[in-house]
Amino acid sequence: MNLNPQDLEKLARLTLEHYDQRAEQFWEGTRDHDVGQNIAALLQYIDSKPPFTILDFGCGPGRDLKVFAELGHIAVGLEGAARFAVMAHAHSGCEVWQQDFLKLDLPDNHFDGVFANAALFHIPSQELPRVLLDLHACLKHGGVLFSSNPRGHNEEGWNRGCYGAYHDLETWGRYMSAAGFVELTHYYRPAGLPRERQPWLASVWRRSAS
């Protein structure tokens, strides 16, 4: 699949519109989800002294952003959907940057950790290497990136009004390694279920020293 700039603009716009139009419904459906396992997976591998500077990439309405702040960390949200960005700031009190995932403008060597929970799968495969390099650059040397994505067999396209790419572990690992990340761990969610009932692939990566 080869997406031209107009294709990319359209898929980003339609995906963001999908979330904007369902912002309250999304919030009610996800506000009580327990992702403590994912938050802990990021924080345990950060080597610097707390409080950590955390980028919540695709922070949505701010559920996890607020948790990071309440734990005493310096949390910044990044969100593409305008309504989510407003909701996240109101809910968490944290700074929230409204940015298209395909047009990131991030500071270099700034964050101890990036928390990308249910976000990076919206990036088309052809653009993923560039976006991962942007995230690599925004981390301090030795910084940590957490990602959780719905897994699949490397198919991508439209699904319920959103564009998504659904990678398996091997393919996801190749993208991350090519961007300069070293794997620390991975697991499947929800915990305690048979693999066929664990649709989410979570993984933790360190920015390499090179």
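Trainee: Which residue just after α5 takes a positive phi?

Mentor: Helices are DSSP runs of H or I with at least four residues, and strands are E runs of at least two, both numbered from the N terminus. Just after α5, a positive phi of about 75 degrees is taken by Gly-93.

Trainee: What is left out of the side-chain values?

Mentor: This is a predicted model, where local features need pLDDT of at least 70, side-chain atom pairs count only at pLDDT 80 or more, and totals for chains, interfaces and linings use all residues. Residues are numbered from 1 along each chain as its sequence is written, and side-chain values use heavy atoms, leaving out hydrogens and water.

Trainee: How many degrees does the arc of buried residues in α5 span?

Mentor: Buried means under 20% relative accessible area, exposed over 50%, and partly exposed in between (1.4 Å probe, protein chains only). In α5 (residues 82–92), the buried ones are Phe-84, Ala-85, Met-87, Ala-88 and Ser-92. They line one face of the helix because, taking directions from the axis to the C-beta atoms, they fall within an arc of 165 degrees.

Trainee: Which exposed residues sit on the face of α5 turned away from its buried side?

Mentor: An α-helix has 3.6 residues a turn, so residues three or four places apart point the same way. Here the face turned away from the buried side carries Val-86 and Ala-90.

Trainee: How many residues apart are Glu-9 and Lys-103?

Mentor: Their side chains meet in a salt bridge (a side-chain nitrogen of Lys or Arg within 4 Å of a carboxyl oxygen of Asp or Glu), at 3.1 Å, N to O. Glu-9 is in helix α1 (residues 5–21) and Lys-103 in the loop between β3 (95–98) and β4 (111–117), so the pair links parts of the chain that are distant, 94 residues apart.

Trainee: Are Arg-63 and Asp-64 buried or exposed?

Mentor: Their side chains meet in a salt bridge at 2.7 Å, N to O. Arg-63 has 16% relative accessibility and Asp-64 has 7%, so both count as buried.

Trainee: What is the volume of the largest cavity?

Mentor: On a 1 Å grid over the protein atoms alone, a cavity is a set of points where a 1.4 Å probe fits but cannot get out, and lining residues have an atom within 4 Å of a point. The lining includes Phe-121, Trp-172 and Leu-201, while β5 (139–150) and β7 (162–166) each give two or more residues. Points are joined across faces, edges and corners, and the space filled by probe spheres set on them comes to about 60 Å³.

Notes: 1 Å grid on protein atoms, 1.4 Å probe; cavity = no way out; pocket = protein on both sides within 12 Å on 5 of 7 lines; lining within 4 Å.
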